[in-house]
Amino acid sequence: MGKGLCSTVCAVMALALPAQAQSSRITQDMPQFEATVNGQTLNIQRNGAACPPSCVQPMQAATGVATIAELEVLDFIDAMVAKQRGLLVDVRLPEVFGAGTLPGSVNVPASTLSGDNPYRDDLLNALGVRNGDFGQAFDLVLLGGGADDPSAAEAVRDLLDAGYPASKLKYYRGGVASWRGLGLDLATGP
């Protein structure tokens, strides 16, 4: 194989590598992780979506809000969603939500829960809040795209800022990525 052909083939192969293999920060404040264990230096880097915005999120979205995993989500669907006392809230944008979400989820984009949304009180009303009284408000599980999607944690904090009780909120940090990664069914549609 000639030198020119080899260069061309190598260039094409490099372009065919997945974009996901790019180096990325772990969090906004942590470009990589390094520690010494038993005299050996461990260096952990992240290869994936750009951070920000897709930074690894902490396990706890806010003080007093429980972080749950898949089995607890299933329990919540059975105990709360099926009995119309709770909502599974996917906070991603509608077009992403429509491509696949957890069965039984409703779509409330995170940005609509922000304090600067003039219609946020209408959304809170739809969630069962009456004239600032959260007594009849739905219990909520908030989820996003996955452990590197900040939208669900931001939505939790925005709801807390609006007065939503932490005891009525749960955070599914794993989101759609963990659900899909475990081979659990997704729902699609509008």
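How many bridges pair β5 with strand β9, and in which sense? Two bridges, in the parallel sense, with β9 covering residues 169–172. By pairing I mean that DSSP finds at least two bridges between two strands. Strands are DSSP runs of E, at least two residues; helices are runs of H or I, at least four residues; both are numbered from the N terminus.

A word on the source. This is a predicted model: local features need pLDDT of at least 70, side-chain atom pairs count only at pLDDT 80 or more, and totals for chains, interfaces and linings use all residues. Residues are numbered from 1 along each chain as its sequence is written, and side-chain values use heavy atoms, leaving out hydrogens and water.

Back to β5. Ala66 has Lys170 as its bridge partner in β9. Thr67 has Tyr171 there.

Now the whole sheet. It is open, with five parallel strands ordered β5-β9-β8-β6-β7. β5 (66–67) and β7 (105–107) are the edges; each has a single partner strand, so one side of each lacks a neighbour in the sheet.

Next, β8 and β9. They run parallel, joined by four bridges. Leu140 stands opposite Leu169 of β9.

What lies across β6, β8 and β9? Helix α2, residues 70–81. Its angle to β6 (86–90) is about 135°. Axes are lines fitted to C-alpha atoms, for helices over the stretch in contact (heavy atoms within 4.5 Å), and angles run from 0 to 180 degrees between N-to-C directions.

Last, Met30. Met30 sits in the loop between β1 (23–24) and β2 (33–37). Why is Met30 called partly exposed? Because its relative accessibility is 31%; buried is under 20%, exposed over 50%, partly exposed in between, with a 1.4 Å probe and protein chains only.
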